[in-house]
Amino acid sequence: VITVGKPANTQEVARWIALESTLSPADVHAVIRALPAVMSRIMSEGRSVNLDGLGSFRYAGVVGKTAERIEDVSAEQFKAIRVRFTPARERNRAGSGYTRALVSDISFTEWQGKPSENKTPAPAG
């Protein structure tokens, strides 16, 4: 999959969310900026974070050598900690099954070597 155009930044996302809510773009921006610190605090307690319609976030350890017996497991095996994201499930439009959040309106086309026109203009602001 090839992404086209510049990534949406926090301000653009805040403007879009403001259009969908009763909040101002500045209020939404402040909430988005606070979200990583809040999630980190919750996850450092050993809990996962589940955001309705988006998905869940949890820590996952990266280990070097795996242990075959529980007695051989130790903290020294962990080489890194990663955040794992699992998109939420939602009913597909036909109602016959589920799809993952964030992928319901995706369509694919053959790459022609140039960016396609942006179908949805960014909100003003």
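1. Salt bridges. The whole structure, a predicted model, holds two salt bridges. The term covers a side-chain nitrogen of Lys or Arg within 4 Å of a carboxyl oxygen of Asp or Glu. Local features here need pLDDT of at least 70 and side-chain atom pairs pLDDT 80 or more, while totals for chains, interfaces and linings use all residues of this predicted model. Residues are numbered from 1 along each chain as its sequence is written, and side-chain values use heavy atoms, with hydrogens and water left out.

2. Exposed means over 50% relative accessible area, buried means under 20%, and partly exposed is in between (1.4 Å probe, protein chains only).

3. Arg69 and Asp72. The side chains of Arg69 and Asp72 also form a salt bridge, at 3.1 Å from N to O. Arg69 has a relative accessible area of 48%, so Arg69 is partly exposed. Asp72 is partly exposed as well, at 37%.

4. Gln77. This residue sits in the loop between S2 and S3. Strands (E, at least two residues) and helices (H or I, at least four) are DSSP runs, numbered from the N terminus. Gln77 counts as buried because its relative accessibility is 14%. Its side chain reaches the backbone oxygen of Lys65 at 2.8 Å. That is a polar contact: a pair of N or O atoms within 3.5 Å; within protein, one must be able to donate a hydrogen and the other to accept it, and residues adjacent in sequence count only if both atoms are side-chain atoms. Leaving aside neighbours within four places in sequence, Gln77 is in contact (heavy atoms within 4.5 Å) with Val62, Val63, Gly64, Lys65, Thr66, Ala67 and Asp72. Asp72 is the salt-bridge partner of Arg69.

5. Val63. Strand S2 covers residues 55–63, and Val63 is in it. Val63 is partly exposed, with a relative accessible area of 36%. Setting aside residues up to four places away in sequence, Val63 touches Gln77, Phe78 and Lys79. What separates Val63 from Ile81 in sequence and in space? The two are 18 residues apart in sequence and 8.9 Å apart in space, C-alpha to C-alpha.

6. Nonpolar patch. Tyr59, Val63, Phe78, Ile81 and Val83 make a nonpolar surface patch of about 450 Å². S2 and strand S3 (78–87) are the elements that give two or more residues to this patch. S3 supplies the largest share, three residues. Tyr59 lies in strand S2 and is partly exposed, at 38% relative accessibility. Patches take residues with over 30% relative accessible area and no salt bridge; like charges are joined within 9 Å, nonpolar side chains (Val, Leu, Ile, Met, Phe, Trp, Tyr) within 5 Å. Areas come from the Shrake-Rupley method with a 1.4 Å probe; for residues, only the protein chains shown count as cover.

7. Aromatic pair. Rings of Phe, Tyr and Trp (its six-membered ring) pair if their centres lie within 6.5 Å; planes under 30 degrees apart count as stacked, over 60 as edge-to-face and the rest as tilted. The count comes to one aromatic pair. The ring centres of Phe57 and Phe85 are 4.9 Å apart and the planes stand at 40°, so the pair is tilted. Phe57 lies in strand S2 and Phe85 in strand S3, so the pair ties together parts that are 28 residues apart in sequence.
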